[in-house]
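The sequence and structure come first.

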Amino acid sequence: MASRRWWPRRRPTQTTPQRANGRRPWRQIAFYEATSLRPAAAPRLAGSSLATKFGFSLAAGDWDGDGAADLAAGAPLAHDGKNAPDAGAVYVYYAPAKTVSPRPALEIRGRTAWARFGHALACLGDVDRDGFDDLAVGAPFDSDGGSVYVFHGRPEGLGAEPTQVLRASDFDGAVRGFGFSIDGGIDMDANGYPDVLVGAAASDSAVFIRSAPVLAVEGAVAFDPPEVSLNNRSCSVSGGRADAGGEAAVCLQLKRPLFLAAVNVTLQLDPKQGRLAFVHYKQNQITYEAILSQGGGPGDVRTFEVYVLVSVLEG
């Protein structure tokens, strides 16, 4: 059953104020100095079409990790063709030289009619701890009570597709207008990751969303000797058969801010041809649990003896 719309749609007969010269005004974004509040030297940003409410929402963050603040501007009444009125759009501007380019580097279009994608924007901080700020975009009139689209930053900037979509139906069937307002960037539960607060205006409520820790493990494997000579048969394994062998050292380190993490590790030797095996396990694949902790130590370091199968030596 379709839910009743609580916000009136824009009527086709709606008119836009006229300038003195008869032209319709274009919404613009102007920049001002932080201390003096005087107009800044940066160029003004203008919307690409009329009646889109360009600049209705704004968010600044370092989406590409270059140290300069970038800008996202919402236009919640932008049309995505004739079949998606008020789908909304978000325009992304980058500042590689400490100044914002007048043309958007990326245009992210909403795809659902009347959803008003871009009604709310928020810089979430670095929710996945990869060194880039992330962006949340609200679409409070999306189907099923509204949605929030999360876009992760990366070296080339924000992507055109969301990394994650949070929907009102994920939390409570009574939530409506989810994504009407968004705030983030503060670690409310002290787990090292910024959390998100989303307003749901139609249900007079707000949803607090905790960011789950993202595990990032850096691993390295080293063999000694680097190459195994098939003429070296000094590694006796079983049944008196002499096989060539060596050692494999595996090191795992926790790279994201977690206090403690248990990681299941699977190691496989020569998976395509199966010529190697672990001495103590008599097979080429093993699984074990590594306990990793934050603190900059050596991590989990283990050494395994490996050998070349007799069938390979005699082949």
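Does Cys251 count as buried, partly exposed or exposed, and why?

## Cysteines

The model is predicted. Cys251 counts as partly exposed because its relative accessibility is 23%, and buried would require a value under 20%. Cys123 is also partly exposed, with a relative accessibility of 22%.

A disulfide is a covalent bond between the sulfur atoms of two cysteines. The structure contains zero disulfides.

## Overall content

The protein has 315 residues, of which 39% count as buried.

Among contacts with a separation of 6 or more, 53% join residues 24 or more positions apart.

## The sheet E11-E12-E13

Strands of a sheet pair through backbone hydrogen bonds, either parallel or antiparallel. Here, three strands form an open sheet in the order E11-E12-E13, and the pairing is antiparallel. Strand E11 (178-186) and strand E13 (205-209) are the edge strands, each pairing on one side only. On average, neighbouring strands of this sheet are turned by 20° against each other, direction ignored.

Six bridges connect E11 with strand E12 (residues 195-200) in the antiparallel sense. Asp183 has Leu197 in E12 as its bridge partner.

Terms used: Residues numbered from 1 in each chain as written. Predicted model: local features only at pLDDT ≥ 70, side-chain atom pairs only at ≥ 80, totals over all residues. Heavy atoms only, no water. Disulfide = S-S within 2.5 Å. Buried < 20%, exposed > 50% of the residue type's maximum accessible area, 1.4 Å probe, protein only. Pairing = 2+ DSSP bridges. Helix = DSSP H or I, 4+ residues; strand = E, 2+ residues; numbered from the N terminus. Axes fitted to C-alpha atoms, helices over the stretch in contact; angles between N-to-C directions. Contact = heavy atoms within 4.5 Å.
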